[in-house]
Amino acid sequence: MMKNNSALFYTCSLIEYIGRNQKQKRSTIVEYLGRKTIKRIYDYADIFHCEPIEKTADDFVTRYNIPMGSFDNVTKCRYDVPDYWTIGEVYERLIEDISDDNPDHIIDNIMEVYLSWINDRLSNYNTDLFYQSREYIRECYREGKICA
């Protein structure tokens with residue numbers, strides 16, 4: 001299993017960044033971008049990473065007409081807000097943990113995780129789920145619920 005996949009980390013962090021700026025659920029961002037674009041971001045992450053994330057995010061928002069929404073989990077957070085890199089890493093680890101080394105499976109798993117039940121739970125910064133161990137988050141995902 002591939003660990004510390006920098007392309008996956010960047011892809012997930014960019015999705016988080018766009019979601020925060022556009023006040024959209026991360027699942028909505030994934031739907032707007034689609035599998036083909038997410039694969040492109042993943043495949044060229046080392047190139048996109050050379051630009052400021054703000055510029056790259058704005059390019060994708062403009063190209064895919066991602067509208068401003070009303071999902072604002074940052075403002076609703078009563079505690080220290082984790083930055084987009086931190087949340088990107090949480091998603092990266094979960095996707096790594098359920099993926100094999102096949103890049104096509106990684107793209108499928110990006111889509112699967114962001115469009116699953118756990119996305120709403122990880123986006124609630126008033127809980128501590130995103131701070132839990134990667135093993136715990138993986139088990140919750142596999143069980144389809146928050147484990148006791």
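**Close-up 1. Glu16 and Arg26 form a salt bridge in this predicted model.** The closest N and O atoms of Glu16 and Arg26 are 3.0 Å apart. The pair links distant parts of the chain. Glu16 sits in helix 1 (residues 6–22). Arg26 belongs to helix 2 (residues 26–43), 10 residues apart from Glu16. Both Glu16 and Arg26 are buried. Arg20 takes part too: Glu16, Arg20 and Arg26 are linked in a network of salt bridges.

Close-up 2. Helix 4 (residues 53–63) is where confidence is highest in the chain, at a mean pLDDT of 98.

**Close-up 3. Arg134 forms a salt bridge with Glu96.** The closest N and O atoms of this pair are 2.9 Å apart. Arg134 lies in helix 8 (residues 134–143) and Glu96 in helix 5 (residues 84–98), so the contact ties together parts that are 38 residues apart in sequence. Glu96 has a relative accessible area of 3% and is therefore buried.

**Close-up 4. Salt bridges and confidence across the whole structure.** A search of the whole structure finds 12 salt bridges, among them Glu16 with Arg26. The mean pLDDT of the chain is 94. Of its residues, 96% reach 70 or more. Confidence is lowest in helix 6 (residues 103–114), at a mean of 90.

How values were computed:
Residues are numbered from 1 along each chain as its sequence is written. This is a predicted model: local features need pLDDT of at least 70, side-chain atom pairs count only at pLDDT 80 or more; totals for chains, interfaces and linings use all residues. Side-chain values use heavy atoms; hydrogens and water are left out. pLDDT is the predictor's confidence in each residue, from 0 to 100. Helices (H or I, at least four residues) and strands (E, at least two) are DSSP runs, numbered from the N terminus. A salt bridge is a side-chain nitrogen of Lys or Arg within 4 Å of a carboxyl oxygen of Asp or Glu. Buried means under 20% relative accessible area, exposed over 50%, partly exposed in between (1.4 Å probe, protein chains only).
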